[in-house]
Amino acid sequence: MASVRQLLEGARRLPGDSARRDAEILLCHCLAKPRSWLYTWPEAEVEAPQARRYASLLEQREQGVPVAYLTGQRDFWSLQLTVNEHTLIPRPETETLVEWALELPLPAAAEVVDLGTGSGAIALALASERCAWLVSALERSADALAVAQANATNLGLGRVHFQQSDWYEALGGRRFHLLLSNPPYVEEQDAHLQRGDLRFEPRDALVAGQDGLADLEALVSGAPRHLLDGGWLLLEHGYTQGAAVRNFFQRAGFRDVATRRDIAGQERISGGCWHAQ
C-alpha cells in the first residue's frame with residue numbers, strides 16, 4: 001500500500017498553480033478526511049480501493065476536469081454546495097455581490113430575487129444571513145434548478161422559493177426590494193473559454209453574445225418593471241465591463257450607480273437604486 005506522502009507526489013502531474021492543493025482536496029475526498037489529517041499522518045497507508053479512486057480522479061484532473069466537479073462540492077460564503085456539470089462553479093469574487101447586498105438599507109422582511117441562480121449560491125448565502133428576507137431564485141435550466149433546490153434542502157434553507165424562468169419571465173408584474181444576478185458575461189470569442197475550468201462549465205451560463213454584454217443590458221433594462229421605489233439592482237460582470245454596465249444603469253434612470261472591486265482589485269459588481277419617476 002502507498003502512503004499519504006507517496007500519493008500526494010502525484011500532484012506534480014497536475015495542471016495549474018494549485019496542483020498540490022488540488023491533489024490534497026482529491027485525496028481528502030477519497031479518504032473522507034480533513035486536509036489537516038494529511039499533514040498529521042503523512043506516513044499513513046491508504047487502502048487500495050481508495051488509492052485507485054484517487055488515481056482515477058488525478059487522471060481526470062490532468063485532463064482539466066475542475067476539482068469541484070470531481071468532488072461534487074464547492075465552498076461558497078459559509079456554505080458547502082453541491083455542483084455538477086449543469087452549474088457554474090461558484091467563485092470567491094461573487095462573494096463581493098453577497099457582501100454588498102447585505103449592506104443595503106433594506107426592510108427586515110425584504111423581498112429579494114436571484115436571477116439565474118445556478119447552484120443557488122447567491123440566494124442561499126443571503127437566506128443564510130437574513131432569515132426574515134423572502135428570497136426567490138429563478139433559473140432557466142431545469143437541471144441547474146434541481147441542483148439549487150437540493151442544496152437548499154441539504155442546508156436547511158427550504159424557505160427559499162425556486163422557479164424555472166428565463167430572467168424576469170416568471171415574475172409577471174411583481175416588484176421587489178432587491179434584484180441581483182451573476183449572469184453570463186463572457187464574449188463569444190474569448191480565448192479563456194478554451195482554457196482551464198471554463199472548458200467544462202455550461203457554455204450558456206458563461207457566454208452572452210459577441211461582446212458579452214447582452215444579458216447584462218437586458219437585466220438592467222428590464223429591472224425597473226420589477227423594482228419597488230428605492231429598490232436595488234446588483235450585477236456581477238467582467239473586469240473590463242464596468243464602464244459599459246454603469247452606462248446601462250444610468251441610461252435606464254438608476255441613481256447612486258457604483259461599481260465595487262473584487263478581492264483581486266478588479267471591477268466586478270455594479271449596482272444602482274431605482275426611484276420611480
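Which side chain does the side chain of R268 join in a polar contact? The partner is D262, at 3.0 Å. A polar contact is a pair of N or O atoms within 3.5 Å; within protein, one must be able to donate a hydrogen and the other to accept it, and residues adjacent in sequence count only if both atoms are side-chain atoms.

## Basis

This is a predicted model: local features need pLDDT of at least 70, side-chain atom pairs pLDDT 80 or more, while totals for chains, interfaces and linings use all residues. Numbering starts from 1 along each chain as its sequence is written, and side-chain values use heavy atoms, without hydrogens or water.

## R268

R268 sits in strand β9 (residues 267-274). Strands are DSSP runs of E, at least two residues; helices are runs of H or I, at least four; both are numbered from the N terminus. R268 is buried, at 9% relative accessibility. Buried means under 20% relative accessible area (1.4 Å probe, protein chains only).

Beyond four places in sequence, R268 touches residues including E93, Y185, L235 and D262. Contact means heavy atoms within 4.5 Å.

## A68

A68 belongs to helix α5 (residues 67-71). A68 is buried too, with a relative accessible area of 4%. Leaving aside neighbours within four places, its contacts are Q73, R74, V83 and I89.

How values were computed
Buried < 20%, exposed > 50% of the residue type's maximum accessible area, 1.4 Å probe, protein only.
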